[in-house]
Every structure is written in structure tokens, then in C-alpha cells.
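Please read them alongside the coordinates.

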Amino acid sequence: MIKNSKILVTGGAGFIGSTLTNALLKNNNQVIVIDDLSMGDFANLDDSANLTKIKGSITDKVLLKQIFAKNDFEYIFHLGAVASVADSVARPYETHQVNFDSTMTMLEILRENKKSLKRFVFSSSAAVYGDEQTLPKKEESVIRPLTPYAIDKFASEKMALIYNNLYNIPTSATRFFNVYGPKQNPQSPYSGFISILVDRLKKNSELTIFGDGEQSRDFVFIDDVIQALILIATSDESMGQVYNVGTGKRTSLNELIAQTENYAVKKMKISYGKEREGDIKNSVSDISKLKAIGYKPNFDLKEGLKKYLEYELRK
């Protein structure tokens with residue numbers, strides 16, 4: 001648990017960032033959120049006298065230096081990113097500035113003065129594994145990034161851990177698998193499949209599956225992700241380490257659709273298109289390393305999907 005601390009959350013108005021921020025605010029933490037609102041929304045954040053919202057870009061070095069000069073952070077959760085793989089392919093340099101350069105800027109500021117910092121947690125992605133076929137994915141699995149997004153995530157992750165080893169900046173990193181839950185934006189270009197599915201269910205519109213629907217993913221509920229982030233930030237064992245964040249179980253898209261229809265008591269309009277080139281067929285995490293520091297997923301897909309659908313269908 002983190003309480004009575006000063007915390008920075010980059011990308012804190014987005015799906016994962018806002019959920020983390022709201023959880024932190026419940027324990028009398030002072031939280032500063034920086035977000036450019038390209039995908040996030042300050043409306044996702046709870047009202048609190050302990051919350052400071054800053055609209056700005058994490059590529060703005062002057063702004064970052066001002067924030068760090070005025071605040072002595074004990075914890076930093078670096079979630080801010082251009083989280084669209086397609087966008088990174090279309091605009092590799094611009095997304096590189098957000099997804100890598102911002103990490104370097106913060107690490108360099110901390111190298112000059114880490115003050116009271118207890119942990120800098122960088123949020124990476126299972127995308128770093130690319131099309132490597134071995135399952136489940138372990139932290140030591142072959143890394144085969146296929147896009148600028150994945151390359152920047154891996155480079156930032158490694159740089160953060162190197163700063164831990166060389167400069168004694170307390171850092172850790174996470175590799176998120178397929179996160180889902182309330183407040184996920186189905187309009188986001190990197191929106192999770194489940195949020196798109198639920199959006200089509202609510203609108204009674206057609207959902208297109210690229211391929212036969214037998215491709216599988218490790219779907220992890222947002223509450224378990226928050227549990228993992230706080231655990232990694234506070235564990236002595238996690239210093240200088242990277243962790244998969246998932247459930248260790250895989251589900252096909254067809255199974256997911258069937259569960260959704262069963263819960264909603266409604267048939268969905270599904271169409272199957274041509275499999276997209278470069279799409280990864282199967283993905284699942286090995287979470288034994290995370291479990292070793294106390295992580296235990298509290299939501300299987302059935303429970304997490306039920307909670308998510310209850311939230312979405314009553315809106």
C-alpha cells in the first residue's frame with residue numbers, strides 16, 4: 001500500500017492512469033497528473049483536494065523540469081505514451097519523442113537529483129515480444145519488437161533499469177498484456193478488443209473479427225493491473241526488475257464473444273474478415289515472477305467481464 005506520499009502519474013487522465021490515480025487518492029496521497037488529453041479525460045479523475053491536474057505534454061522538457069523542481073516525488077508512475085501501434089508506424093519520430101525521449105528526460109532529471117524517490121515505475125508492453133512463438137511469454141523470452149511502438153517501449157524499459165543499476169535511481173518496469181475495464185475508451189486507436197466489443201454490443205452494431213476468431217489473448221482486469229503496479233512500486237525485490245502483468249490464462253476471441261453474449265443475453269452481429277498481416281495469433285503471460293512478490297489475480301475473465309459489463313450497461 002502507498003499512503004501519505006507525493007506521487008506523479010504521467011498519462012494520468014487515461015484509462016489505466018486515471019484508475020491508478022483514483023486508487024492512490026483514497027489513501028491520502030498527493031497526486032500530480034500530467035496528460036496532454038489526446039486520449040485521456042480529466043473527467044475520469046475523482047474530485048480531491050489532493051489532486052493536481054496539469055494539461056501538458058511529457059515531451060515538454062521545460063515543463064517537466066518545472067514540475068520536478070517544485071515537487072519532491074516519492075513515487076513516479078510513467079504511463080504517458082502514444083499507445084497506438086499504427087500511429088507509431090505512421091509517425092515514428094513523433095511517437096518516439098513521447099514514448100522514449102520523455103523517459104530519458106525524466107531519468108536524467110532524477111539522476112541530477114533523485115531527492116526522496118522510492119520508485120520510478122515504467123509501463124512497458126507485451127508488444128515487445130512481437131511474433132516470437134514460444135508460450136507462455138516469460139520476462140526472459142526472446143524479444144522481437146515489430147513496430148516503432150514496441151521498440152520504444154523496450155528501449156525505455158531497458159533504459160529505466162540501467163539507470164537503476166548504474167546511477168542508483170530506484171526503478172522497475174511492467175509489461176502489460178491485454179488490459180480491460182471501466183473507462184477504457186473504445187474510440188482510442190489502441191483500445192482493447194473487449195472495449196470495442198462492448199461498444200458494438202451497446203450500439204447493436206457489427207463487430208468485425210480479422211481471422212477466424214481463434215486467436216487468443218491474456219485479458220487482465222484493470223483492478224489487477226493496479227494491484228500489480230502498487231505492489232511493484234513498494235516491493236524491495238522488484239527494484240531493477242521487469243514484470244509481466246497478466247493472468248497467465250489465454251482466451252480466444254470466439255470464447256470471449258460467447259461469454260459476452262451469455263451475460264448480456266443478446267446475440268451480437270459478428271463478421272469475419274481476412275486475417276491481418278502481422279497480427280499475433282496467440283499471446284499469454286507467465287506471471288510466476290510477479291506472483292513471487294505477492295501478486296494474485298483477483299479477477300478471472302468471467303468475473304472481470306461481468307463487472308465491466310455491469311458498469312457499461314448501466315451508463
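1. Thr 171 is placed in strand β6. The model is a predicted one, and in it Thr 171 has a relative accessibility of 0%, so this residue counts as buried. Leaving aside neighbours within four places in sequence, the residues in contact with Thr 171 are Leu 107, Arg 119, Phe 120, Ala 160, Leu 161, Asn 164, Ser 238, Met 239, Gly 240 and Gln 241.

2. How many aromatic pairs does a search of the whole structure find? The search gives six. In one of them, Tyr 129 and Phe 177, the ring centres are 6.3 Å apart and the planes stand at 35°, so the pair is tilted. The two residues come from distant parts of the chain, 48 residues apart. Tyr 129 sits in the loop between β5 (119–125) and α5 (148–167), while Phe 177 sits in the loop between β6 (171–176) and β7 (178–180). Tyr 129 and Phe 177 are both buried.

3. A further pair is that of Phe 221 and Phe 299. Their ring centres are 4.6 Å apart with planes at 45°, so this pair is also tilted. Phe 221 belongs to strand β10 (residues 219–221) and Phe 299 to the loop between α9 (288–291) and α10, so the pair ties together parts 78 residues apart in sequence.

4. On burial of that pair: Phe 221 has a relative accessible area of 1% and is buried. Phe 299 has 18% relative accessibility; the cut-off for buried is under 20%, so Phe 299 counts as buried as well. Phe 221 and Phe 299 also belong to one aromatic cluster, together with Tyr 180 and Tyr 308.

5. Next, the helix packing. The axes of helix α8 (residues 253–264) and helix α10 (residues 301–313) come within 11 Å and cross at roughly 50°. The crossing of α8 past α10 is right-handed.

6. Which residues of α8 and α10 make the contact? From α8 they are Leu 256, Gln 259, Thr 260 and Tyr 263; from α10 they are Leu 301, Lys 302, Leu 305, Lys 306, Leu 309 and Glu 310. Sorted by class, the contact of α8 with α10 comprises five nonpolar, two polar and three charged residues.

Terms used: Residues numbered from 1 in each chain as written. Predicted model: local features only at pLDDT ≥ 70, side-chain atom pairs only at ≥ 80, totals over all residues. Heavy atoms only, no water. Axes fitted to C-alpha atoms, helices over the stretch in contact; angles between N-to-C directions. Helix = DSSP H or I, 4+ residues; strand = E, 2+ residues; numbered from the N terminus. Left-handed = near helix turned anticlockwise from the far one by under 90°. Contact = heavy atoms within 4.5 Å. Nonpolar A, V, L, I, M, F, W, Y, C, P; charged D, E, K, R; others polar. Phe/Tyr/Trp six-rings, centres within 6.5 Å; stacked < 30°, edge-to-face > 60°. Buried < 20%, exposed > 50% of the residue type's maximum accessible area, 1.4 Å probe, protein only.
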